[in-house]
Amino acid sequence: LLLETGATSATAILVRTLNGNGVVGSITVAGSATAYNTSSDYRLKENVDYTWDATTRLKQLKPARFNFIVDETNTLVDGFLAHEAQEVVPESVHGTKDGMRNETDEEGNVTSVPDMQGIDQSKLVPLLVKTIQELEARITALEDA
């Protein structure tokens, strides 16, 4: 546990992830908030483009309502099927559709088990924000016409 102090508050860094390029993420706690941080410094980026079409891509996503099989209460939640989101925003999904991995038990027996996909829904936020900006521009253009 690392502790960094600022002028007005203390921040506990619970996890700091590194690779050959340095720190690439962290989980921090300050006051009553927890932040899951991904590297975003401009000095780490190149080929920055603000002109892509978010609305077309957003319309390809398939939000769904479902319950998880293990949830005995069958509570419906809103979300995405990872393999469908991967087609539109590949960086939001970890793993391979229908992926399998080998597990070895204490006796050395190897069994093939499902390697479930996961989704980082925060990777969808830039697409949502840019779509809102594009729609706002279209509304403004219609109002001014």
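Q: Which residues of helix 3 are buried?
A: The buried residues of helix 3 are L127, K130, T131 and E134. Buried means under 20% relative accessible area, exposed means over 50%, and partly exposed lies in between (1.4 Å probe, protein chains only). The model is predicted, so local features need pLDDT of at least 70 and side-chain atom pairs count only at pLDDT 80 or more, while totals for chains, interfaces and linings use all residues. Residues are numbered from 1 along each chain as its sequence is written, and side-chain values use heavy atoms, with hydrogens and water left out.

Q: What sits on the face of helix 3 turned away from its buried side?
A: The exposed residues I132, E143 and D144.

Q: What makes helix 3 count as a helix, and where does it run?
A: Helix 3 covers 125-144. Helices are DSSP runs of H or I with at least four residues, strands are E runs of at least two, and both are numbered from the N terminus.

Q: What do the buried residues of helix 3 pack against?
A: Helix 1 (54-58). T55 lies in helix 1. Leaving aside neighbours within four places in sequence, T55 is in contact (heavy atoms within 4.5 Å) with T131, E134 and R138.

Q: Why is T55 called buried?
A: Its relative accessibility is 12%, so T55 counts as buried.

Q: Why is T96 called exposed?
A: T96 has a relative accessible area of 54%, so it is exposed. T96 lies in the loop between strand 7 (93-94) and strand 8 (100-104). Residues up to four places away aside, T96 touches D115 and Q117.

Q: Why is G118 called partly exposed?
A: The relative accessible area of G118 is 26%, so it is partly exposed. G118 lies in strand 10 (residues 118-119). Not counting residues up to four places away, G118 touches A82, S92, V93 and H94.

Q: What makes a space a pocket?
A: Work on a 1 Å grid over the protein atoms alone. A cavity is a set of points where a 1.4 Å probe fits but cannot get out; a pocket is an open set with protein on both sides within 12 Å along at least five of seven lines. Lining residues have an atom within 4 Å of a point.

Q: How much space lies in the largest pocket, and what lines it?
A: About 640 Å³. Of its 17 lining residues, the closest to the centre are S40, K45, W52, E91 and P126. Helix 3 gives the largest share, three residues.

Q: What volume has the second largest pocket?
A: About 530 Å³. Its lining has 19 residues, with F68, L81, A82, M116 and Q117 nearest the centre.

Methods: Grid points are joined across faces, edges and corners, and a volume is the space filled by probe spheres set on the points.
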